[in-house]
Amino acid sequence: MGRARFNCCPRRFRWFRGTWSPKNDVPLQPISKPESATDEADGIPFEERIQEPNILIVRSINPCLEDNGINHRTSKYEPMRRDYFAQLVVRRGQHFKLNITLSRPYDEQKDGISFIFVVEDEPKPSHGNGTMVAIPLLRKPDRHLRWNVVLHSSDGNVITVNVLTPPDTIVAKWKMDVDTRILNGGSYCYSWDTHIYILFNPWSKTDQVFMKSEEWREESVMNDVGIVYRGTYNRIKPVVWKYDQFEKDILDCSLYLVHVVGKVKSHYRSDPVKIARALAAAINSSDDEGAVQGNWDTNHSGGTAPTKWIGSKEILQKYYKTKKPVKYGQCWVFSGVLTTVCRALGIPARTITNYSSAHDTESSLTVDYYIDEKGSIIESSDSIWNFHVWNEVWMTRPDLGREYSGWQAIDATPQEMSEDIYRCGPSAVVAVKEGEVLRPYDTSFLFAEVNADKIFWRVNLINGRVQPIKLLRKDTYGIGKLILTKAPGLLEKEDITSNYKHFEKSPEERSTMLKALRQSESIFSRYYLNEDFNDIYFHMNLLDQAKIGEPFDVSLTMRNRSMTKNHPVSVILRVDAVTYQGKFVAAVKSEHFKVNVKPESTHEVKLTVTYEEYSRIKVDQSAFNISCLASIEETKFEYYAQDDFRVRKPDIKIVLRETAVETVPITADLWVENPLPVPLRKGEFTIEAPGLERKIKLKVKTVGPGEKAAGEFSFTPPTSGVFTVAAKFVSKEMDDVDGHLEILVEPKKEQPNT
């Protein structure tokens, strides 16, 4: 499809003429449009308007979708798969092929053909900022030209050309015009209705996002299903997240987030560093009309609770349609959407989970907790999240140097402002590990997230004011306990903690921390512990790996190593409900013990929490903070410890009734057990499966204790290959229950001829 004009051209380009020669391929020079030219045919066939009978006319252009899709690994993009009005998606830095049908055979000696490429959404495209490119058709590549269009072959009225874009081409949707003229004769302009999406190219060694590892290229660019890790470091909760970066509207929405919301203009749209930083701001809606609105309350009315999302597609499609933030998200939702957008644009991206993640609000590289005489934590601005999810993107860093290339951390969760906007990164992961906290962008904040010191202070409150402060304990190993991502090609976790920090308790880890503190110029005072007291050894235990509906125990073991002396000890054990960010919600239970630990003996105190006690408090993701405050009465020595705990929820089981075959309907069963001592009411499954345009929702009747909520559903896999079926279950009594099944869809067998 295209629009033709005789002796005319687009407003932003004038015809080449005068210095063009079919022998030397010198770039053509523009002249003004002839006054006698006519723009429209007024209903008369175009060919009848042409005064020059031998003029070369472009009748059509074939985008060679199959060949280009395979060569550029873009066949999965929805614009390439359309039955009608398909669009071309290619990657920069490598040639793509076009078949051009002409009105007559091309004659190199007298015919001139030029190509004009323009960034479609740029208001004022120009050659200077790289948003407009005009190049002649060449017989062989010219390395002095940034763009090349080279004649590959000619067969009758059809010519095949190879278009080679530079490795730093602007990533955007482009449109193309083809201008032809006969030497010393008439001219003609063809405007191609098909757009050309040009993306980053991790397969090209000259692209800034080039990635050498084939398995990580496939995972971080091409894989459209991932795993997000939630829970706590000792109760990991893997949840399927469907990125769906190739689906309808996702690519257009991604470009909109870069250009309109992220405000990345002209040639900066070729720089993955600039784009990654802009997307870290554009995914959240805190400063603009970004894609996702955050909500960390328990009330999610007017939107969807963050735990109910299965993937990015529904969020981005809704956002692209309305241009209004979609409600609601928390860190893993922001991260999942950001991964989708980066992969859609061709930037290698993966989702990262940091367990026991510090939120250092004062840039001190410490997280400070204040404890009163009852063992309660007094609220402070610093916090530790049970887990926090951000992203990594792969690229070189010309702005920092070769040694900082590789994975870069970016975070779209609106925590702290960076240059007056809620965003974080990109920060080189290697800079985080080495404590180079002055390197851009936001490396100090990311360093604190994985390596801050956790400090506990004992305080008295007098008229609401803190008086005086005494150091109870410092924990140099309590932050960044485990950092995970999905392993390439597997639905399994990969531990990448060593990418961010040196091994705990190693000399390198402590020296790196001190190096970071010196760079931050923080006034940082450290207090010694009260006295070097070591008669009593304390150890806090979580006794059970509890399943929701069951009780769980917390205990403190005290071992008296003295051979002669008794030690009276006062102990407070408590359980508090918290959000996954570590924010206090409500007290669940506490108990005060007074014990006398005899010489060379061990004593244990235990706190048991029943389901009835913890279920009365609605807790996001069933997270709890376990803490103890022990005081040795004689010496006034105090011991404080805390840990995170999450009761485990059941998994949804999914089973296919038969082997999955492409284009053949298949039925599956799913169920989940009710582990609670109370019935589940108003239950509902939400299911995503290959071939489904919309999620399936299955209502479930009341499910008694120990019974199963069950259902069945059908879907039709569109093609063969490996796919993931994902499901969620919610009810009034239990939510955020997940399950998934990876399936192999076999090719459909051809029927024998009869």
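A residue counts as buried when its relative accessible area is under 20%, as exposed when that area is over 50%, and as partly exposed in between (1.4 Å probe, protein chains only). Helices (H or I, at least four residues) and strands (E, at least two) are DSSP runs, numbered from the N terminus.

What you see here is a predicted model, where local features need pLDDT of at least 70, side-chain atom pairs count only at pLDDT 80 or more, and totals for chains, interfaces and linings use all residues. Residues are numbered from 1 along each chain as its sequence is written, and side-chain values use heavy atoms, with hydrogens and water left out.

**The whole chain**

The chain has 13 helices and 43 strands. Of its 754 residues, 57% are buried.

Let's start with strand 8 (residues 132-138), where 6 of the 7 residues are buried. Which strands does it pair with? The table shows two partners of strand 8.

**Helix 2**

Next comes helix 2 (residues 65-72), in which N68, G69 and H72 are buried. These three cover an arc of only 100 degrees around the axis, so they sit on the same side of helix 2; the arc is that of the directions from the helix axis to the C-beta atoms. Turn to the face away from that buried side and you'll find the exposed residues E66 and I70. The cover over the buried residues includes helix 3 (78-81), strand 5 (88-91) and strand 6 (95-102). Just after helix 2, R73 has a positive phi of about 55 degrees.

**An annotated site**

The UniProt annotation "binding site", from an unreviewed entry, covers N451, D453, E504 and E509. UniProt positions are given in the numbering used here, feature names are shortened, and annotations may be inferred rather than shown by experiment. Why can we say that the four gather at one spot? They span 59 residues in sequence, yet no two of their C-alpha atoms are more than 11.9 Å apart.

D453 lies in strand 26 (residues 453-462) and is buried, with a relative accessible area of 0%. E509 belongs to helix 12 (residues 507-520) and is buried too, at 1%. Neighbours within four places in sequence aside, E509 is in contact (heavy atoms within 4.5 Å) with N451, T476, H502, F503 and E504.
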